[in-house]
Amino acid sequence: MEPILEVDDLRVYYKSIWGDYKSVDGVSVKAYRNEVLSIAGESGCGKSTLVEGILRLVKPPGYIPTGKVIFEGIDILRVPEEELRRIRWSKLAYVPQGAMNSLNPVIKVEEQMVDAIIDHSGMDKEKAKEVALAMLKEVGLPVEVANMYPHQLSGGMKQRVIIATAIALKPNLVIADEPTTALDVVVQRGILQLLRMLKENYHMTVIMVSHDMAAHAQIADRIAIMYAGKIVEVGLINQVFKEPLHPYTKGLISAIPAIGKKYVKGIPGLAPSPLNWPSGCRFHPRCQHATELCVKVEPSIREVERERFVACHLYG
Ligand code: SF4
């Protein structure tokens, strides 16, 4: 499988008077062409910051002390700003968290989509309108939506408008951060099917970031689990759900509510602070298998079987 994106030892820190918040602290991960890669983990584990690092969107006091992000052979962290601007949207699209709320409520959908398309492609207005209408249809919206204001649309419809705009230039990689948050379950399902459609119909690679394990189970090919600024397990979605290896992954899966499940088991304790990660394995204060080794020595992530990676002393 050919990687479209390779992230190597990426770190994203935020300066503060108390020291650096090490939100992303040495992440290496690959996304392959034509796959849906999920990035999962509790809130505050660094998922969204990882995406901002990948897209070079980190703003001061944030900074990237080390790391490499190679997208289609281009070194994203070092390419000139002008070239990066050309790549964004046309090749690499981003649906940020809460993006549906970024639509201007008093400007019609078509105008907002057309402006974005022209801005990133240089298309003339007529062509951009044609593309906007085609994309609305593609994401399952009636073309009449083009002539409506965002405040007239439901949350699910707004999210579809955002996705339609993001994919208007047929990028090769779409990164969606919490695309189903704040939507009811029926609408969530529609958005997940839409993201899966991008892969099936357009052969795009989709990276979906979410804390919702059930959402990942519905569309992902592979999943990467993040904890305390690091990736602790990566594998095919079926493998990971059927036989999770890392104790944290096990905890996340057992916390998924399901019909017939008498009770939902949570993970004890709270996620640690990026200002002061625990020693050794960062999960040790919450792990029932922790040993003295876990407290002292950080486990490195290693391949335990083909395309199956885990960072835990139980597998070393
Ligand atoms: Fe638990 Fe130790 Fe594995 Fe960390 S390395 S997850 S503390 S068993």
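Here is a short tour, one stop at a time.

Before we start: this is a predicted model, where local features need pLDDT of at least 70 and side-chain atom pairs count only at pLDDT 80 or more, while totals for chains, interfaces and linings use all residues. Residues are numbered from 1 along each chain as its sequence is written, and side-chain values use heavy atoms, with hydrogens and water left out.

**Stop 1**

Most residues other than glycine have a negative phi, and most peptide bonds are trans.

Select P60 and P61. The peptide bond that runs from P60 to P61 is cis, with omega near 10 degrees. You'll find P61 in the loop between helix 1 (47-54) and strand 4 (62-63). Helices (H or I, at least four residues) and strands (E, at least two) are DSSP runs, numbered from the N terminus.

Now pick E72, in the loop between strand 5 (68-71) and strand 6 (74-75). E72 isn't a glycine, yet its phi is positive, about 45 degrees. Next, jump to A228, in the loop between strand 10 (222-227) and strand 11 (230-236). A228 isn't a glycine either, and has a positive phi of about 50 degrees.

Is A228 buried or exposed? A228 is buried, at 3% relative accessible area, while E72 is partly exposed at 23% relative accessibility. Buried means under 20% relative accessible area, exposed over 50%, and partly exposed in between (1.4 Å probe, protein chains only).

**Stop 1: D177**

Select D177, in strand 8 (residues 173-177).

Show side chains here. D177 makes a polar contact with S48 at 2.8 Å and another with Q97 at 3.5 Å. A polar contact is a pair of N or O atoms within 3.5 Å; within protein, one must be able to donate a hydrogen and the other to accept it, and residues adjacent in sequence count only if both atoms are side-chain atoms.

**Stop 2: D221**

Finally, select D221, in the loop between helix 7 (213-219) and strand 10. Its side chain makes a polar contact with the side chain of R196 (3.2 Å).
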